[in-house]
Amino acid sequence: MGAGDGKAEQSRLAAERVARLKRRLDEAEVSTKPWDADAVSGKVVADKLGELVPRGWYVLHDVHWPGRPKANLDHVLVGPGGVVVVDCKNWTGEVRVLSGVLWQGRYARTQAVEGALAQCAAVSSVVSPPYRRLVRPLICMAAQPDLFGVTGSDVAVAGTQRVVGAIEALPQVLDQQAVAGLYAQLGQELTHEQEPGIMAFRHVRPGTVVPPSAPPANAAAPALRPGPPARPVARRGSSAVRAGEGHTPAGRRPGSKARRPGTAGAGQLALLAAFVIFAMYVLPYWGQ
């Protein structure tokens, strides 16, 4: 093989490497888009739930899932209607609740309903026994603002424009002092690292806590230990809330909501871009 043939072979191999790297770069870019969309939808839901703060509700955002070190709960609310565990979804297409079943297009999304029940069960496990029946699951659909329905397992499904009304419609089951006490308890259980043991949460950052603008009258102010600032969730989780009706607690599902990778996607893109530039502009002339 002559010198010319050797250079041609090197050029061919370099071109193949560049093509492979470009494919990987495209795949990495596509894989980061769902995380970005989840982050936007999560902020929309959080802002909407913030409307409940002046109405006597306490809000916990992005908190630990009890018993699952690498999983989180999107939102937990404590107020006159009890405790509501909100699991946010950013599903596209047609979403509906029909005959007690949650559907996305032609697929029954029973796993999402079981997940909301599992989150509710986890929160129930860390509150005092008298209050466990007051924990309710709710699935909030960010991309279907006007949706509302209740599944056969008593899980409410509400869009962003219906979620505040659905929570406010819950019958009052807690007085102001009980609300403040439950908020303080859940703030400690869900937003701070636990002692080693069955419920250990190691290397997990606390979530953010948003209390009402003014504490309820005749109630002790929630005493939460300060924690490190929360990472934004890219994110990347209540028995049903039917308007005007009370509800009973529901069971749960196995499944976890993994914490989302933050800036990992951007770092991968930068690394792959550097490989592409090296392969295109340096490698073909290597050794000349």
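Predicted model: local features only at pLDDT ≥ 70, side-chain atom pairs only at ≥ 80, totals over all residues.
Residues are numbered from 1 along each chain as its sequence is written, and side-chain values use heavy atoms, with hydrogens and water left out.

The mean pLDDT (the predictor's confidence in each residue, from 0 to 100) of the chain is 75, and 62% of the residues reach 70 or more. Over residues 194-210 the pLDDT stays under 50, and the model has 52 contacts beyond four places in sequence for this stretch; a contact denotes heavy atoms within 4.5 Å. The pLDDT also stays under 50 over residues 213-256, for which there are 132 contacts beyond four places in sequence.

The secondary structure comes to five helices and 10 strands. Helices (H or I, at least four residues) and strands (E, at least two) are DSSP runs, numbered from the N terminus. Of the 288 residues of the chain, 44% count as buried, where buried means under 20% relative accessible area, exposed over 50%, and partly exposed in between (1.4 Å probe, protein chains only). The chain exposes about 14,600 Å², of which carbon and sulfur atoms supply 56%; accessible areas come from the Shrake-Rupley method with a 1.4 Å probe, and for residues only the protein chains shown count as cover.

In soluble globular proteins, nonpolar side chains tend to be buried together. A nonpolar core is here a set of buried Ala, Val, Leu, Ile, Met, Phe, Trp, Tyr and Cys residues joined through side-chain atoms within 4.5 Å. The largest such core has 26 residues, of which Val76, Val78, Val83, Val123 and Leu186 touch the most other members. At least two residues of this core are supplied by each of strand S1 (58-65), strand S2 (68-79), strand S3 (82-89), helix H2 (110-124) and helix H4 (176-191). H4 provides the largest share, seven residues. Another core, of 19 residues, lies apart from the largest one and includes Val53, Val84, Val164 and Ile167.

Helix H2 is largely enclosed by the rest of the structure, because 11 of its 15 residues are buried. Among these are Ala112, Leu117, Cys120 and Val123. The cover over the buried residues of H2 includes S1, S2, S3, S5, S7 and H4. Val123 touches Leu73, Val76, Val83, Val85, Val135 and Leu186, residues up to four places away in sequence not being counted. The end C-alpha atoms of H2 are 21 Å apart, in agreement with the 21 Å that its 15 residues should span at 1.5 Å a residue; the expected span is 1.5 Å times one less than the number of residues. Helix H4, with 16 residues, reaches 22 Å from its first C-alpha to its last, close to the 22 Å expected. The buried residues of H4 include Val179, Leu182, Tyr183, Leu186 and Leu190.

Strand S3 is likewise largely enclosed by the rest of the structure, since eight of its eight residues are buried. Two strands pair if DSSP finds at least two bridges between them. S2 and S3 run antiparallel and are joined by five bridges, forming a hairpin with two residues between them. Val76 stands opposite Val85 in S3. S3 also pairs with strand S7 (residues 135-141), in the parallel sense and over seven bridges; the bridge partner of Val84 in S7 is Arg136.

An open sheet of three strands has the order S4-S5-S6, with antiparallel pairing. Strand S4 (95-98) and strand S6 (107-108) stand at the edges with a single partner strand each, so one side of each is left without a neighbour in the sheet. S4 pairs with strand S5 (residues 101-104) over four bridges, and Val97 has Leu102 in S5 as its bridge partner.

Two loop residues were also examined. Gly100, in the loop between S4 and S5, counts as partly exposed at 28% relative accessibility. The C-alpha atoms of Gly100 and Thr151 are separated by 4.0 Å, although these residues are 51 residues apart along the chain. Beyond its neighbours within four places in sequence, Gly100 is in contact with Val150, Thr151 and Gly152. Val173 lies in the loop between helix H3 (163-168) and H4 and is partly exposed at 35% relative accessibility. The C-alpha atoms of Val173 and Gly82, 91 residues apart along the chain, are separated by 6.2 Å.
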